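Please keep the structure in view while reading.

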Amino acid sequence: MNKILIKNATRELLTNLLPLLQQGILMKVTAGSSVRDFLISNLCLDEEYIDRRIQSILLNGRPVDDPSGAKIKDGVTIALSSSMPGLVGATLRRCSPVASLRSTLTYKESSNIKSNCQATVRLKLFNLIMSEIGPFMLKQGVMVEAKRIQEILNKLNSLFDKDRNEVFLNNETIEPVELLKVLSQDDGLCIIQIETITEL
Amino acid sequence: MEKILRINMSADGGPEIREEPLGEYAGLGGRGLTSAIVSKEVPPLCHPLGPENKFVIAPGILSGTLAAMSGRISVGCKSPLTGGIKEANAGGQPAQVLARLGYAAIVLEGKPKGDDIYKIVINKDGVQIIPDNSLKMLPNYDLIEKMKAEYGDKIACISIGPAGEMKMCAASVACTDMELRPTRHAGRGGVGAVMGSKGVKVIVLDDTGMPMREPKDPEKFKEANRTFVKGLQQHAVTGQALPAYGTNVLTNIINEVGGYPTYNFKEGQFKGASKISGETEAELEKQRGGVPTHGCHRGCVIRCSGIYHDKDGNYLTKQPEYETVWAHGGNCGIDDMDAIAKMDFLDDNYGLDTIEMGATIAVAMEAGLIEFGDAEGAIRLIEEVGKGTYLGRILGNGAEFTGRAFGLERIPVVKGQALPAYDPRAVHGIGVTYATSPMGADHTAGYAVAQNVLKVGGDVDPLKPDGQIELSRNLQIATAAIDSTGMCLFIAFAILDQPETFQALMDMLSAFTGKEMTADEFMELGKNILTMERDFNKRAGFTSKHDRLPMFFKTEPLPPHNITFQVKDEDLDKVFNW
Ligand code: SF4
């Protein structure tokens with residue numbers, strides 16, 4: 001798997017890469033752990049942030065009311081959102097007073113989950129959660145489809161060029177144009193990590 | 001706001017203006033007032049475009065005061081789209097200006113004898129109604145430019161575009177925003193066609209020299225307003241999510257839960273959703289020098305709107321909101337934000353409801369007129385509507401009319417009005433409101449989510465599935481009440497979570513009117529409005545059979561969760577049991 005490192009990234013460049021997170025990044029986690037454990041251990045979020053800020057948790061597109069009871073399986077998608085407008089937005093909030101309006105959609109845990117083996121999870125971050133957690137995740141490095149990185153970098157023009165950024169592919173320096181060529185031929189996953197000029 | 005302005009368009013010798021005290025309508029505003037006048041004065045069996053129908057415009061109870069968020073205006077009539085009673089509301093400047101001019105409502109009655117088109121000009125010196133045939137068939141933007149040149153830039157306008165003049169069932173009534181652009185629309189139900197049938201093209205309002213409306217208890221009012229604003233600003237939805245991303249922030253999450261109607265309600269997820277999400281749209285606006293956080297009227301502190309620029313950095317339209325982006329986007333398989341923004345502009349300019357038009361184009365796509373995903377084709381279809389070609393006249397009459405014209409079975413409408421951007425198979429509760437609202441399928445009919453009011457009629461366990469009927473009932477009641485205040489419905493999120501913000505709203509109403517307003521009285525107001533509206537519809541021939549979703553929602557499972565709409569008909573009939 002290719003590993004890309006972009007140094008001297010501006011905040012603007014970082015912001016432009018955030019859409020990677022709304023479409024989802026892949027993470028290796030332990031199967032059978034709860035969604036709450038995943039948020040604490042893998043995303044390093046504190047309980048207060050989880051309870052106050054992350055108002056909607058979706059597991060395979062179903063709203064989760066109890067993140068401690070919902071377990072992670074291989075191949076699942078987890079999406080995180082802050083509280084949303086609209087009646088439907090309100091129904092999707094955890095333990096919403098109007099949750100009964102989406103009762104057929106609500107996540108229900110099934111018992112047969114293999115524990116302690118490795119699972120791959122797609123994590124999607126939306127709205128305020130994306131803008132708050134996203135930059136730190138990009139700093140640590142995220143795993144995504146190479147084609148999606150290429151698609152985004154391609155549109156950045158002057159924000160991503162050799163005069164501004166130092167770019168590394170698998171620890172070797174590479175010109176941005178060359179990187180785009182490599183990515184266009186890569187049908188697999190790759191890791192992208194961003195180092196910004198200023199502290200976040 | 002102690003008088004009603006009535007203009008009889010049928011009078012011999014030209015339109016006749018008269019002013020009346022509020023009389024039996026005293027204390028009402030917004031939807032409460034439009035629905036009271038329509039239900040009492042309009043014969044339910046009349047033709048919506050005939051002289052017996054009335055076109056009513058009413059600012060809310062708190063409009064024209066210092067109260068934040070109080071700039072919504074209601075437009076009411078018998079709807080040519082649904083055949084029932086209609087209230088459509090809009091933001092923009094006219095509510096505040098009309099209220100300061102002292103009018104609780106404008107009522108257009110009768111029908112002009114000739115084919116002259118009129119403008120109405122209201123300022124501190126009085127009311128004039130002037131025939132002006134140079135305005136005929138002008139699109140909204142050109143019309144407003146002309147009014148600006150004539151009456152200056154301190155005005156606010158209520159107008160129709162060519163769609164309203166052609167009396168199309170998808171025609172909207174436009175209200176100008178703070179920049180004097182016709183971007184805020186009372187969109188639903190073909191209200192623009194009724195204004196067109198009265199021969200009125202534009203109402204020009206100028207409140208120069210008029211004072212702010214004064215509350216009975218100014219100190220209490222100011223204090224309540226302060227608490228109210230603080231509540232809105234500290235809440236994550238009204239203080240952060242809506243200002244940052246606008247209502248289109250919903251695209252990602254609704255798509256993720258599989259409730260995002262795609263390809264004319266065939267699927268619940270759209271592959272291109274992230275390309276047209278609120279997050280993407282806000283970023284694009286910033287990059288192009290637009291504005292992602294902007295109010296639609298002075299006094300809005302949430303500011304869910306914005307300004308959208310084209311690729312060259314020039315103004316294209318206001319920030320298209322969630323319903324519009326969905327209707328012209330995912331529902332038609334289109335993931336090009338610029339094309340969607342162009343369609344938003346065209347709808348505003350011709351005076352069309354964006355939801356109805358998007359739904360209609362998706363129906364036309366299903367009929368094979370153009371392919372799903374064909375953005376250029378979709379733009380062309382709206383242009384046909386604006387020009388009034390034969391095809392345009394079919395499309396301009398909405399999804400149901402178009403579906404019938406092309407022999408389709410899958411037409412997503414209730415009472416003739418297109419469903420908005422949430423598939424009721426994913427979220428059954430919203431289907432209850434779509435089916436039973438007297439307005440036809442309407443996402444705002446059950447919007448007012450407030451913990452206090454939800455408890456009216458007993459506590460409902462939020463995680464039990466059987467509470468949907470009670471919830472829909474209480475939400476519809478609370479919404480009807482909020483729609484009467486002139487308050488933007490988006491305040492609902494802050495009053496859901498923060499009892500002190502809800503109380504501040506009650507205090508503001510009490511301090512303004514001098515009469516104590518409790519949560520129970522507030523709900524009573526909502527109930528009365530719904531009762532009047534249901535009664536009108538009953539007299540217009542509506543039965544329980546009209547309170548149903550189209551059959552395909554019960555028979556076609558919606559991917560990815562493959563669920564059908566499962567609420568029983570007999571349960572739907574219980575919504576209005578009180
Ligand atoms: S929140 Fe949005 S719709 Fe409501 S008044 Fe403000 S700008 Fe208008």
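## The second largest cavity

In this predicted model, the residues that line the second largest cavity divide into two nonpolar, five polar and two charged. The lining is made up of B:Gly30, B:Gly60, B:Arg72, B:Ile73, B:Ser74, B:Asn89, B:Asp483, B:Gly486 and B:Met487, and the space that lies within this cavity comes to about 40 Å³.

## The largest cavity

The structure holds two cavities of 30 Å³ or more, and the largest cavity has a volume of about 920 Å³. It is lined by 50 residues, of which B:Arg72, B:Asn89, B:His185, B:Glu321 and B:His443 are the closest to its centre. Two or more lining residues come from each of β5 (85-90), β11 (184-186), α10, α11 (337-350), α12 (354-366) and α18 (468-485) of chain B, and β5(B) gives the most, with five residues.

Sorted by class, the lining of the largest cavity has 19 nonpolar, 16 polar and 15 charged residues.

## The second largest pocket

The second largest pocket holds about 680 Å³ of space. Among the 24 residues of its lining, B:Gly27, B:Leu28, B:Ile61, B:Thr513 and B:Lys515 lie nearest its centre. In chain B, α20 (499-513) and α21 (519-539) each supply at least two residues of this lining, with α21(B) giving the most, six residues. By class, the lining of the second largest pocket consists of 13 nonpolar, three polar and eight charged residues.

## A buried tryptophan

B:Trp326 lies in helix α10 (residues 322-328) of chain B. Is B:Trp326 buried or exposed? Its relative accessibility is 0%, and therefore B:Trp326 counts as buried, since the limit for that label is under 20%.

Apart from neighbours within four places in sequence, B:Trp326 is in contact with B:Tyr260, B:Pro261, B:Phe265, B:Asn331, B:Ile355, B:Leu419, B:Pro420 and B:Ala421. B:Phe270 is 56 residues from B:Trp326 in sequence, while their C-alpha atoms are 9.9 Å apart in space.

The buried residues of α3(B) are B:Asn140, B:Tyr141, B:Leu143, B:Ile144 and B:Met147. When α3(B) is seen down its axis, these buried residues fall within an arc of 160 degrees, so they line one face of the helix. Just after α3(B), B:Gly152 takes a positive phi of about 90 degrees.

Note on methods. Residues are numbered from 1 along each chain as its sequence is written. Chains are lettered from A and ligands numbered from 1 in the order in which they are written. This is a predicted model: local features need pLDDT of at least 70, side-chain atom pairs count only at pLDDT 80 or more; totals for chains, interfaces and linings use all residues. Side-chain values use heavy atoms; hydrogens and water are left out. Helices (H or I, at least four residues) and strands (E, at least two) are DSSP runs, numbered from the N terminus. Buried means under 20% relative accessible area, exposed over 50%, partly exposed in between (1.4 Å probe, protein chains only). Contact means heavy atoms within 4.5 Å. The arc is that of the directions from the helix axis to the C-beta atoms. On a 1 Å grid over the protein atoms alone, a cavity is a set of points where a 1.4 Å probe fits but cannot get out, and a pocket is an open set with protein on both sides within 12 Å along at least five of seven lines; lining residues have an atom within 4 Å of a point. Grid points are joined across faces, edges and corners, and a volume is the space filled by probe spheres set on the points. Ala, Val, Leu, Ile, Met, Phe, Trp, Tyr, Cys and Pro count as nonpolar, Asp, Glu, Lys and Arg as charged, and the others, Gly among them, as polar.
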